[in-house]
Amino acid sequence: MRPLRRPRLGLPLAGALALVLGATLAAGAPTAAAGTPDDTPAAERPAAAASVPRHAVTGYWQNFDNGATVQKLRDVQDDYDIIAVAFADSTTRTGEIEFNLDPRLGYSSDQEFRNDIAAKRAAGKAVIISVGGELGNVIVNDDASARRFAESTHALMREYGFDGVDIDLEHGINATYLSRALRQLSGLAGPGMVLTMAPQTLDMQSTGSEYFKLALAVKDILTVVNTQYYNSGSMLGCDGKVYHQGSVDFLTALACIQLEGGLDPSQVGLGLPASTRGAGSGYVAPSVVTAALDCLTRGTRCGGFTPPRTYPGLRGAMTWSTNWDASAGNAWSSVVGPHVRTLP
């Protein structure tokens with residue numbers, strides 16, 4: 001059984017003080033052309049889901065039982081616009097992934113699961129396959145593994161009807177080859193592919209980090225980066241000051257690094273646990289999440305940190321997980337979901 005999804009602990013205050021913001025905040029680098037388009041006959045392709053809304057809520061759905069409410073995909077709360085199925089599994093071939101439905105979820109067959117995906121997509125939700133997590137690791141470190149990643153992910157998209165992929169690799173990445181893999185996948189899947197990422201907080205402290213370089217390298221096909229603002233300890237904000245986890249300032253000052261570092265506001269989301277049981281540390285009340293969203297998009301409800309400008313196009317928020325949210329009586333999605341839809 002997999003434990004709750006929890007990234008490795010980030011640096012405590014002393015470590016944060018030693019961090020350097022790194023490369024000068026700048027716009028993303030030029031990117032290479034996409035790969036070969038999908039030549040599957042249109043009649044054989046699953047119907048496309050509605051476009052991701054201007055402001056969206058992402059939720060991870062657990063393909064395992066770790067004590068949170070067990071859900072079938074059809075039970076995922078309607079407040080979630082992007083549903084990330086967690087997680088794909090690696091195979092013995094480097095870079096290749098597969099999906100294994102956990103029998104403890106009560107599905108009678110893979111077809112029943114595919115039917116649930118189709119129903120969510122028909123309701124306008126995007127359903128994507130997530131790669132990684134606390135325990136999972138997929139290595140993409142050369143051209144061969146990049147090709148296998150793209151081809152196997154595309155095969156899962158076609159088999160199950162996934163709209164795209166989420167990169168939640170927490171054991172280190174190679175931005176050069178993973179960006180090649182994602183471009184190849186985009187070429188196979190077409191322009192409607194949804195691409196999300198969930199880096200740990202430390203991974204987005206500097207534009208020189210591999211995750212930040214990856215996000216900038218695929219900026220033209222990237223939907224949203226939902227950084228995990230939990231399990232990290234204190235970190236540096238975009239003003240070079242240290243901010244303590246679990247506050248409005250922590251969320252806004254750290255999101256500012258991405259917003260001023262080359263990502264479009266529509267590509268930035270705030271990732272938080274749905275309950276105190278969803279993470280080891282960093283849980284904040286839903287009201288703190290909505291305050292951070294208002295601070296970044298409207299310049300209101302800020303704490304001690306005031307962003308250099310407002311970002312009305314901010315994508316929204318993410319939580320781990322829809323299951324922990326259900327365990328807590330949907331306290332997170334019932335507050336954050338409606339609020340995200342009121343953003344400018």
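Modeller: Happy to! The second largest cavity is lined by Thr201, Met204, Gln205, Thr227, Tyr229, Leu254, Ile257 and Gln258. Please keep in mind that this is a predicted model. A search of the whole structure finds two cavities of 30 Å³ or more, and the one we are visiting holds about 30 Å³ of space. How do we know that there is a space at all? Empty space shows up when a probe the size of a water molecule is rolled over the atoms.

Which element gives the largest share of the lining? That is α6, with three residues. The helix α6 covers residues 248-260, and among the lining residues are Leu254, Ile257 and Gln258. Here is a handy rule for looking at such a stretch: an α-helix has 3.6 residues a turn, so residues three or four places apart point the same way.

Now pick out Tyr229, one of the lining residues. Tyr229 is in the loop between β8 (224-228) and β9 (235-236). Is Tyr229 buried or exposed? Its relative accessible area is 1%, so Tyr229 is buried. The ring of Tyr229 has a partner, Phe250: the two ring centres are 6.2 Å apart and the planes meet at 85°, so the pair is edge-to-face. Phe250 sits in helix α6, 21 residues from Tyr229, and the pair links distant parts of the chain. Phe250 is buried too, because its relative accessibility is 0%.

Stay in that loop for a moment, as Asn231 is also placed between β8 and β9. Most residues other than glycine have a negative phi, and most peptide bonds are trans. With 1% relative accessibility, Asn231 counts as buried.

Ile221 lies in the loop between α5 (210-217) and β8. Its relative accessible area is 17%; the cut-off for buried is under 20%, so Ile221 counts as buried. Leaving aside residues up to four places away in sequence, Ile221 touches Leu182, Arg183, Ser186 and Leu195. Pro191 is 30 residues from Ile221 in sequence, while their C-alpha atoms are 7.8 Å apart in space.

The helix α5 has its own hidden side: its buried residues are Tyr211, Phe212, Leu214, Ala215 and Leu216. What covers them? The cover includes β6 (164-169), α4 (175-189), β7 (194-197), β8 and α6.

The structure holds 13 aromatic pairs. In another of them, the rings of Tyr80 and Trp332 have their centres 6.5 Å apart and their planes at 0°, so this pair is stacked. Tyr80 is in the loop between β1 (56-62) and β2 (82-86), and Trp332 is in the loop between α8 (322-327) and α9 (333-340), so the pair ties together parts that are 252 residues apart in sequence. Both Tyr80 and Trp332 are buried.

Ring pairs also join Trp61, Phe99, Tyr107, Phe113, Tyr160 and Phe162 into a cluster. The charged end of Lys72 sits over the ring of Tyr107, 5.2 Å from its centre, and the charged end of Arg114 sits over the ring of Tyr160, 5.7 Å from its centre.

Asn330 lies in the loop between α8 and α9. With a relative accessible area of 29%, Asn330 is partly exposed, whereas Asn231 is buried.

Finally, a word on confidence. The chain has a mean pLDDT of 88, and 85% of its residues reach 70 or more. Over residues 1-49, however, pLDDT stays under 50.

Key. Residues numbered from 1 in each chain as written. Predicted model: local features only at pLDDT ≥ 70, side-chain atom pairs only at ≥ 80, totals over all residues. Heavy atoms only, no water. Phe/Tyr/Trp six-rings, centres within 6.5 Å; stacked < 30°, edge-to-face > 60°. Helix = DSSP H or I, 4+ residues; strand = E, 2+ residues; numbered from the N terminus. Buried < 20%, exposed > 50% of the residue type's maximum accessible area, 1.4 Å probe, protein only. Lys NZ or Arg CZ within 6 Å of the ring centre and 35° of its normal. Contact = heavy atoms within 4.5 Å. pLDDT = per-residue confidence, 0-100. 1 Å grid on protein atoms, 1.4 Å probe; cavity = no way out; pocket = protein on both sides within 12 Å on 5 of 7 lines; lining within 4 Å. Points joined across faces, edges and corners; volume = space filled by probe spheres on them.
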